[in-house]
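Me: I'm new to this one and would like to go through it piece by piece. Could you take a look with me?

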Amino acid sequence: MQTTFRGMLGSVRFVRARQIRWTMAYWARAFGLLPNSGKWMERITFVYIYVISIALLTPTLLSLLNGLYVTETKVAPAARFQALNTTLPTIIAVASVLLIGLPWRAWMLRLTFGDMVYLAPSPFDRRVLVLWRFIEVCIFIGVIGFIPFTLLAPAFGSIEAAHVLPVIFRGITALALWFAPMLAVGWVISLQEYQHDGQSGVIRWLTRVAFAGAAVALFALGSELLLWPGRMVMAIASGDSTVWYGWFLLIGWAALGGFAVWRVGRGLSLTRAAERAETFARIQQLGFMIFVDRQLLGSIIAETRANQSRAVGTLPRATGIWTIAARAFIFYRRQYGQAVQLVAVGLAFGAGLLLFNPADPILTIFYAVILVVVVAPMMARVFRHDLDVPFITQFNLHPVTSQIVVAAILPALLVLIGVLPVLIAFWPLVPRGGLGLVPAVWVLSVFGHFEAIGKGGRPAARSIFTVIMGAAALLVLVWNVSQVGRDPLLAALSGAAIAGLLTFVLLFVAEIRRNGLNAAQMATPATK
Amino acid sequence: MSKKPRQNAPTALINSTEPTVSNPPQFPDSNRDTVLYARGVRKSYGAVEVLHGVDFRLQAGERVALIGPNGAGKSTLLQCLSGWQTMDEGEVQVCGSDLTREEQKARAAMVLIPDTPNFYQSMTAWDHMLLVGRFHDLVDVEPAAEYLLDALGLWSVRKSYPSTYSRGMKYKLGLALGLLINPKVILLDEPTAALDPLSAQVLWRLLQEFQEEDNGAVLLSSHQVELDTEGIDRFFLLLNGNKIGDDTPAAWIARYGLSTGASVAGVFRAAIAEFTRLNPDIAH
């Protein structure tokens, strides 16, 4: 029985060591090292390549950093202070609020299935597990703080590069110490869900709303109080002796935060924690597959979120082929985050239209490829996922071409919801013929759905061929814009006509991809 | 649960609690229509051929058990027959429609329920029932869907996502979806493997109704059936991707000289011995 503190610590160390080993293997695989391959020469070769690459990059990075330092030291001290005083405290204030808020949706206690089996019957004190993880996160925050403090160190008053190191270390330590109590508040609220006598959902939500309200109120008041912690961190980082009490305050609060987490950890139910950690465990179980199949990862996360929530609404009434649109509607209604993503894509697309310059061919091709690679699959996510469920798909007897057209409607509308307000609000800035590119939204949606169709109706893997085809389709629209005059209506109409033509081509190729060349030459199967 | 009026519901099923005793096996019956016909079905995974030119025939109202040891190719055959997998060679016809050339017409008459059905994301069981019914333009989907979910014990969880279901519940939902559209042929892969005994009883009952009232045909692969399992007309034995035979229980017993009441395992043993003797090179 591991009832002593040392024994408990040993248990946690055991669990974490396994997870660290897994994480290292994960990143090793990400960089092509394949730790389980058993080929030492291969691993050594990879390490050699990375060492050489880092060695070649380091002088460049140091040179860039030096250039930045020189620039920073040239700025007048008053201006530097002013710049830091207005930006950093605000960033730290926002980050503090996020640290309170983010644990609500995170898998705070990351447990693998193996950990669950090991820990569940274990008698050790749960507080150790919680405190250990809390300290890890605090240290991680300090590590993240390393980058901004490295970049800004001379702005704190260190003229010589050699003097920036104390600034960096003071800065990241102070930052981690300040964020510790903030994180503790988030953890204390979030850990209520893991308690043996867990709070009811209503109380939990009321707590969240109260905290969100308090955060909004603080921001609305523009309170100096909110910026004060950031200013203190800045003063400590720059070695200001007038804030001698700063370290005591920060260490005291951090200790208080740790104590609060320790206290809450007492009532932790590992059963509840294991339930909440199940998604992480499932992802961890995938191992290398999460690199190969990102869709699988997304579907696990989406499924977990869906299972945790109540199903809202029901399938809208529709018949025949329109049932596909109804299915897409209920998906976006229940997973509204995905719908919001598409609207955000529309906003970005609209902003891109304002800046668009067809005279720059390299940039145009770059934009086209990015849209085809990133946006098109996002628009066809539901369709592609559904194709991967042959049991239900077998009931859908409609021709593949009709399916693509109907399924493409809702994602296109969601993106247009984002595009149109931007164009209306900034109408004077819309470039010549810009409206002719709006139909590209439809082409992208159809292309994404077309690309998902594989032989026999199963989802197809993406290929360079289809990416080139999609980019070419968008470039046809760009070419059209460069040909029409300044008349926005003419641009829009010709763009729509070309989009229709491109849709027809994509549907024809989709039929070939699914059924082969002979089938495409025949009439649609439903009419035979 | 309050019982709502059920339109479309087979009334005999509501009052029936026990499976009815089946008629004596009838095969071949020239009066029945052939609803599923396969000839020379070949399928390979890479260099390994798993189906070696399998022939098969299923007639309306029949129930045939597809049996064979693990790895015999049963699931692959079901997937090829249903069009889920493309064949390398061969021909499959469903109610007279060629599965390759008239795919949608053929598939409209047939449903495959795999051993663990998957479902669409963010759709409840009820949504799935409505979706499938509307895909097929069925009128009065709701009463039929309600009846099937109730019969299979899923009514109370109809508003839950199938991803929260156990394997057995998923299979029952799959069966409800399959029966909802009233196909001509249902292919079932390991239907009873995940079901509790009561649910298995309901399954047999629903299949019986499907055969008797709708003249539907059933092909099921299972390790849980025996030669004396009620309602099964024929046993189709697959071994190493080869069709060994397609006979009534009595014919199997007679073929291998087994005692009355012999088990499926006994048929396997005799068939493997015969196959090894006749094909010494490929038997290994």
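Me: In the hairpin of strand 9 and strand 10 of chain B, which residue takes a positive phi?

Reply: Keep in mind that this is a predicted model. Strand 9 (residues 234–239) and strand 10 (residues 242–247) of chain B pair in the antiparallel sense, over 5 bridges. Their hairpin has 2 residues between the strands, and the one with a positive phi, near 50°, is B:Asn240.

Me: How much area do chain A and chain B bury between them?

Reply: Let's start with who takes part: 41 residues come from chain A and 40 residues from chain B. Carbon and sulfur atoms account for 57% of the buried area, and the total is about 3500 Å².

Me: How far apart are the closest N and O atoms of A:Arg334 and B:Asp127?

Reply: The rule finds 3 salt bridges across the interface of chain A and chain B. A:Arg334 and B:Asp127 form a salt bridge, and their closest N and O atoms are apart by 2.6 Å.

Me: Which element gives the most to the side of chain A that touches chain B?

Reply: Elements giving two or more residues to that side include helix 13 (294–308), helix 14 (323–334) and helix 22 (488–515) of chain A. The residues on that side split into 18 nonpolar, 14 polar and 9 charged. With 6 residues, the one that gives the most is helix 14 of chain A.

Technical notes: Residues numbered from 1 in each chain as written. Chains lettered and ligands numbered in written order. Predicted model: local features only at pLDDT ≥ 70, side-chain atom pairs only at ≥ 80, totals over all residues. Heavy atoms only, no water. Contact = heavy atoms within 4.5 Å. Buried area = accessible area lost by both parts, 1.4 Å probe. Salt bridge = Lys/Arg side-chain N within 4 Å of Asp/Glu carboxyl O. Helix = DSSP H or I, 4+ residues; strand = E, 2+ residues; numbered from the N terminus. Nonpolar A, V, L, I, M, F, W, Y, C, P; charged D, E, K, R; others polar. Pairing = 2+ DSSP bridges.
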